[in-house]
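Open the model in your viewer and keep the selection tool at hand. The stops below say what to select next and what is there.

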Amino acid sequence: MQQITEQQILALAPNSAAASNGKKISKSGGFVRLACSSDDTFYFGECKGSGSKNYSVSADFIEPLTPVFRCSCPSRQFPCKHSLGLLYEMLENKTFELCEIPSDILTKREKKQTKEAKKEETVSEEKQTTKKKTSKTAVTKKIKKQLEGLELTEKLMQDLLRAGLGTIGGTDVTMYRQLSKQLGDYYLSGPQRLLNQLILEIEVFQKDEKDYHYEVAIEILKKLWNLTKKSKEYLQKKLENDQVDTEANVLVEELGGIWKLSELEALGRCRENASLVQLDFWVTYHEVRKEYIDTGCWVDMDTGEVVMTYNYRPVKALNFVKAEDSIFDKLQIPKLVSYPGEGNLRVRWETSSFERITKEDMEKIRSFAIEDLNAEAKVIKNLLKNPLSPSMWIRLISYDMIGTVENEFVLRTKTGATILLKDSKELEPTVEHLSYLPNRELLKNQVLVGAFYYEPSQKRLQLQPLSIISKENIIRLLY
Amino acid sequence: MDLKPIYEFRTRLYAVTMAGTQLVMEDYRFKRAIEELQPLEKASPVFARIVSLGKQLLSPDCNNKEGILLDCITLTDAILCTQGAVAVSGDLEELEGIVEYKEGNSMQNIPYSILHNLIESLTGTGSGRYAFVGSLHTTHPQYFEDYRVKRAMVEALSDPYAELAYTVEKWIRKGGESFVPFLKRGFLQKTPKATEKVIQLIDELSKEKENEFYLEKLPYTGRNVKGALIFALRHSKENAELLLHLARTEKGETKKMAYWALADMEGAEVEQFWNDFYKKKSQAVIEYLTYSKTSWASAIVAKEFNRLIEPWIMEETPKVLTEEMIEKIDRTVDALEGKTGSEICECYQKVMQIRGLLAECKKFWYARKHYKHQITAKESKRNLSYRVGQILQRTLIQCFDKELSGLAIEFYEKYGEDYFSAAVVAKLFENHKDVLDWIVQQRKEEKVSKDALVRALEWIEWDNKQQSYIFKLMRSYGYRADGRNWEIITSIPAYLDDDTFISYIMSEFATKFGEKEINYEMDYVMSQWIRGEDTNICKVLEQYYYKKALYLDNNISYLPLLRSCYAKECGGLAVKYFKGKQSSHWEIGDYFRDLPGTVENKEKEARVVYDLLLGGDILLRYNESKEYLEKQKEHYIQEWANS
């Protein structure tokens, strides 16, 4: 019998409702027949449905990490609740009678294999033949266009600052919005987003008149300015050197480029047989991007680095993009790809399998924690001071105690170093949760997953707690 | 290093950003900020660079002031970030308010998709929240033990959707002491009413353990909240002096709350206070002492009782009762609850002596302000004797007393079934093994009706936590007018460890009385006795309830009873309820949500109901075309079956 966990089913489900409906079908005895092939690669079920005929549901495990589901129901969801129900039947260890793999499934398997082989051939051919062609023509043209766009952005910023942010009126905002739209023609969606964010802050200020928005606006301007400056240098250098290959440079993504997994792989940013454990999970809404961002915070069990996953779900396509969810098992990942950057690197993968987190795993995670807060703070500040770096750096930190000093939450390490625990503006509040923890022991001699950030108004480096790693558990303060 | 000049310089840079670079040369404060920075120039090349950039901004020849301004801001912010403080000075103290939760509190692995929706439903606004929270509580009760959910539950106490707030309040009460830290932290709610509720819950769950908290909050709260805090002070003897002071100095409602609190306290000073007060306003005192179980309260109530009754016993005055006198006697009879001792026994005897005379009281009893519900025909027949029997029963449950126990049995033998319930409690506490035989005998001899049997047993229920049967009394305090704030006042394990007794009662009702005989009260009481895993009793009751529900046209009240015994069968129930009636999809869906049974059985029933709908045997309130109904058939059937 294929080993399957509930986590795995939830991860495969297009949404939580589909999973719970699948569970209901399984629990209520919806399956009238269950069968599996002798080689354990094919599972079949006959499920009662609303139609006059039973639905035929199957799960093909020829590639165990990417099972293929098929169902005769008319649902557009994939996998449908019946397929998930079949997985729940497997989870419950129900009896499956032996059966032959149907001929149509065998044909489909063959077709799939041929298709994949063809695809691989095409990709390698493409790599060899068209690469140079693309480099010479399109890439050079694109870089020139981007440089033009960056000039425009610079000019726009100069105009803005010459007149002063405080003098911008409603008409100016409309004009800047139009200019921002133009940036789309220059392959500069990154600067375009920053500009839109800037305009949004000014607009909000005009409504609520809170000075805070101007503080944010200046921060955005700072970032936009540095991005423009560095990108110009980088692109000009590329043009001068006639260097058109993609490089693992953070500016590529900042300018709006989207990395393909194959590109990152080609750049050597791929590791085999990695394992990750999720430390916390949250979802934010990005007003300018008009996207929900499912953010997973993970620890790499081999390197101890804290890495991130981002799943972008545009509001317009919410029904078509699968939402990510919290994962409480350890993931075994055959191929883990990481993005270029600093701080917590973004990672991605295509297939994974689930394993239970053991006590040894917990010990290992705890061993990755930093002990010397003062030395680490210097490194963190050096990263955070760069306007193009992320505004937070999530680390594992070992602590002696979490308590209060004059009603403020403070973390103290074993060496006696202290840091203020405060909520940042970018995440949901978590500090208050420390008062409600299920056990007092969690406040002493544990490991904290926390986001370091610099708070200018307080003139200090602060830490927002995200999770506590005890010997037995990961206690999440978010989700 | 003194960083003040850098901070000042940064402020000036931000000001330039706001005002525009075209005015920077006229900004004398900016100039001064650069001058103040100049001494730092030698300290580090970075400062020298900043000063140089600043000077360029002031130069009339500079062509790219905007770029320089942004470079200057970047550099300044980078310096300030690297210079940012990390350490926090001061002594680290342990977090206040965290208690060890021995049980019922944990961190559950709840996926974001559920946890986020749950927290939003408990703390947000909009429709559909109650249904989501309710169904999740049924399917995943363990989620409600998670500390993040508990925090949201406390916030939900002030939800404008009263039904949700009330349901959550019930769950919190059931959740017990583990909620107290959350309640304390969530003390300040959106409305004073909800804050009052928080204090009442802490009061119920923690009692004197949170005395410090009540005292700490007392000076900073509004009238309603203050009242609840004053009342919570009754648990600790140390508060007697403060409460006596408040009883003298407070005004209006808060003064009354001090009285209610003092009525529950022991101690010579308190006793003296009430004795003095009694001399001034005897009837007011009796009202405050209605629920008191203190040692001194019995004497005061007995004294007032004798004062009122004796003239009638001595036959010194003509036997005409004024309305005012009836009110007074009525109030004093009420106050007998929870009072014990020889003096109180004598009072009961005296009541019996003049029971003929006091029979008139029934006219006034139900009209009293705290009985707001409509009086049923059955209730209107209940007289003073019935009421005294109930008071005796409740007193025995709350504070068992040998003398009163004997009196209950004596009264039953002398005056009949009105005292049966009190006698059953007395027997249960004194000699439980014979109780069953005794009840069987009484029933055989037709001395007691089924009604009396229901009254005798209605307070017994199965407690899952204690894994035994208990007596559970509910009551409302006189000051609570909303009728919802019931408090469990006692929870005594009844001597019902073996289930012979319960089984007998169940079999007596479930097999000897036909399904045509309606006694919903007893059927409901029996559903409270079901122990989760007790399949035998469940099977007996399921058959019994099922038969009854099939017989009744309006069987909706039997659905929860069937669910409580995990019924699997439901065939014919919905048909019985809907056939020949006018209804709507919404009502049918609602009925199916309450309907017990497996999905398979519910689907079968749903198909029959839908066919009746198509055949016109069930009339829809809103005319829908047959075509539409045909088209939607499977959709509705699946929805109803899976609800």
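**Stop one: helix 14 of chain B**

Select residues 252–262 of chain B, which form helix 14; helices here are DSSP runs of H or I, at least four residues, and strands are runs of E, at least two, numbered from the N terminus. Its buried residues (under 20% relative accessible area, 1.4 Å probe, protein chains only) are Thr254(B), Met257(B), Ala258(B), Tyr259(B), Trp260(B), Ala261(B) and Leu262(B). They pack against helices 12, 13, 15 and 16 of chain B.

This is a predicted model: local features need pLDDT of at least 70, side-chain atom pairs count only at pLDDT 80 or more, and totals for chains, interfaces and linings use all residues. Residues are numbered from 1 along each chain as its sequence is written, chains are lettered from A and ligands numbered from 1 in the order in which they are written, and side-chain values use heavy atoms, without hydrogens and water.

**Stop two: Asp40(A)**

Go to the loop between strand 1 and strand 2 of chain A, where Asp40(A) sits. Asp40(A) is buried but has no salt bridge (a side-chain nitrogen of Lys or Arg within 4 Å of a carboxyl oxygen of Asp or Glu). The nearest side chain of opposite charge, Arg109(A), is 9.9 Å away.

**Stop three: between the chains**

Show both chains: 61 residues of chain B are in contact (heavy atoms within 4.5 Å) with 70 residues of chain A. The count of salt bridges between them is 7. Select Arg440(A) and Glu94(B), whose side chains meet in a salt bridge at 3.3 Å, N to O. Finish on helix 4 of chain B, which gives 13 residues, the largest share of the side of chain B that touches chain A.

Definitions and conventions: Buried < 20%, exposed > 50% of the residue type's maximum accessible area, 1.4 Å probe, protein only. Lys, Arg positive; Asp, Glu negative; His and termini not counted.
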